[in-house]
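Good morning, and thank you for coming.

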Amino acid sequence: MMMAQQAIAVSGAPALLARFASWMAAEQRRIFLICQRMLNDADEADSAVQDTFFKAYQALERHTGEIDEPDRWLTRIAVNTCLDRLRSKRWQFWRKRPSSEDEETILAMAASACPDAEDQAFARQVGQRLARGLETLSGRQRAVFTLRHYEDRSLAEIAQILELDVGTVKAHLSRALAKLREELKDLYGLRAHTL
Amino acid sequence: MREETRHWSDDELLRRVYGLAGEGAVSDPHLDHCPECGARWRQLLSRRADAVSLAKAGSVSEERLQRQRAAAWERIERPHAFWLWKWAPAAAAACMLAAGLFLLHPPGFSPVPRPLPASSVPAQLSDSQLFNDVAALSGPEAPRGAAPIRGLFEERRETEEEVVF
């Protein structure tokens, strides 16, 4: 993530603004997808993305020197922002169903590469169930599963991002898998081969 | 059932694909010896790769991303205005509290009686002065029954005057 490292190393407000703009453009889609998966609400994810980049910019203004692994650092800010929002009772009270656009996104993410229409319809169903299943997870479990399943990050990386030890990450992931096992078996086509 | 002939369960496969079954999970010798488990494992890895690539691609409209960027920049470039807005509810509550206090206790009203100025309070009243004051309050004419008592005070005042002079 060369662009990110350059952005972090820059000092001085005008230069920082210029570098930050390109860094935000490069990272924005990834951060939005993390927020959307964790919050299961595109409007909330929009706000979370704004919060994330605003916090990142403020931190960079105060920071002197370089930040190692800026993409992980930004991911940590995004995940913590989402966890804060999940903890907020106000947000839970006003929580809405995903909009049609968001459902399309979720379905597209879960859609399999099979050209067969029936398989695609089944994959959409699985995607919907997986998105609903994510809501049954705790905030930490959701964060760990999102980073492992969608971002394909290693357990060690997740531990660094969430500032947990690897054993705790494994425990969260294990519980998440236990809760989502039916959806995941369908997603990976394991049911057809049950022994 | 011996280890070589036991097939991996679905849960075991899931745990392995997510990295929960130890470091050697991907290159387990069982996969070489058991064609059925090997086939299921390869299929699982293939579907997992598809899921990851689709997840990373994630369909997000460019219009949404532009709106996000605009909103984020607005906050970055005007952080002070944002913080003012953040404090607005607290400031409004404080104003309402102050207004409520003002209405309950207007400036002219004081629940604690004000102390009288020192000049308006006589330092010491003699008994006769006190009697005269009380008599003046009760009416211009003292009742008859008060005459002997009044006489006593009159005598006493004369005595006091004698002592003074």
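**Overall organisation**

Along its sequence, chain A follows the pattern α-α-α-α-α-α-α-α-α-α. That is ten helices and zero strands. Please bear in mind throughout that this is a predicted model. Chain A has 195 residues, of which 41% count as buried. Among its contacts with a separation of 6 or more, 59% are between residues 24 or more positions apart.

Chain B also has zero strands, and its helices number seven. Its pattern, read along the sequence, is α-α-α-α-α-α-α. Of the 165 residues of chain B, 10% count as buried.

**Confidence**

For chain A the mean pLDDT is 79, and 71% of the residues reach 70 or more. Among the elements of this chain, helix H1, residues 2–9, has the lowest mean pLDDT, at 48, whereas H9(A) has the highest, at 94. Over residues 1–7 of chain A the pLDDT is below 50, and the model gives this stretch 15 contacts beyond near neighbours in sequence.

I turn now to the nonpolar residues. In soluble globular proteins, nonpolar side chains tend to be buried together. The largest nonpolar core here has 58 residues, and those that touch the most other members are A:Cys35, A:Ala78, A:Cys82 and A:Val144. The largest share of this core comes from helix H2 of chain A, residues 13–39, with ten residues.

Which residues is A:Cys35 in contact with, leaving aside its neighbours within four places in sequence? They are A:Ala45, A:Ala48, A:Val49, A:Ala78 and A:Cys82. Two of these partners, A:Ala78 and A:Cys82, were also named among the core residues that touch the most other members.

Let us look next at H9(A), the element with the highest mean pLDDT in chain A. Helix H9 spans residues 155–162, and its buried residues are A:Ile158, A:Ile161 and A:Leu162. Why do these residues lie on the same side of H9(A)? Because they cover an arc of only 85° around the axis. Just after H9(A), A:Glu163 takes a positive phi of about 55°.

Helix H10 of chain A contains A:Thr168. This threonine, A:Thr168, is partly exposed, because 14 other C-beta atoms lie within 10 Å. In sequence A:Thr168 is 13 residues from A:Leu155, and the two are 9.9 Å apart in space, C-alpha to C-alpha.

Helix H4 of chain A holds A:Arg85. Is A:Arg85 buried or exposed? With 22 other C-beta atoms within 10 Å, A:Arg85 is buried, as the cut-off for that class is 20 or more. A:Arg85 and A:Gly139 are 54 residues apart along the chain, and their C-alpha atoms are separated by 9.6 Å.

**Two loops with positive phi**

Two loop residues also deserve attention. A:Asn40 is found in the loop between H2 and H3 of chain A. Although A:Asn40 is not a glycine, its phi is positive, at about 55°. A:Asn40 is buried, with 21 other C-beta atoms within 10 Å.

The other residue is A:Asp152, in the loop between H8 and H9 of chain A. A:Asp152, also a residue other than glycine, has a positive phi near 55°. A:Asp152 is partly exposed, with 15 other C-beta atoms within 10 Å.

**The contact between the chains**

Finally, I come to the interface. How many residues of chain A are in contact with chain B? There are 36 of them, and they meet 29 residues of chain B. On the chain A side, H2, H3 (42–62), H6 (100–110), H8 and H10 each supply at least two residues. H10(A) gives the most to this side, with eight residues. By type, the residues of chain A that touch chain B divide into 20 nonpolar, nine polar and seven charged.

Conventions. Residues are numbered from 1 along each chain as its sequence is written. Chains are lettered from A and ligands numbered from 1 in the order in which they are written. This is a predicted model: local features need pLDDT of at least 70, side-chain atom pairs count only at pLDDT 80 or more; totals for chains, interfaces and linings use all residues. A residue is buried if 20 or more other C-beta atoms lie within 10 Å of its own, exposed if 12 or fewer, and partly exposed in between; C-beta atoms are placed from the backbone. Helices (H or I, at least four residues) and strands (E, at least two) are DSSP runs, numbered from the N terminus. The arc is that of the directions from the helix axis to the C-beta atoms. A nonpolar core is a set of buried Ala, Val, Leu, Ile, Met, Phe, Trp, Tyr and Cys residues joined through C-beta atoms within 7 Å. Two residues are in contact if their C-beta atoms, placed from the backbone, lie within 7 Å. Ala, Val, Leu, Ile, Met, Phe, Trp, Tyr, Cys and Pro count as nonpolar, Asp, Glu, Lys and Arg as charged, and the others, Gly among them, as polar. pLDDT is the predictor's confidence in each residue, from 0 to 100.
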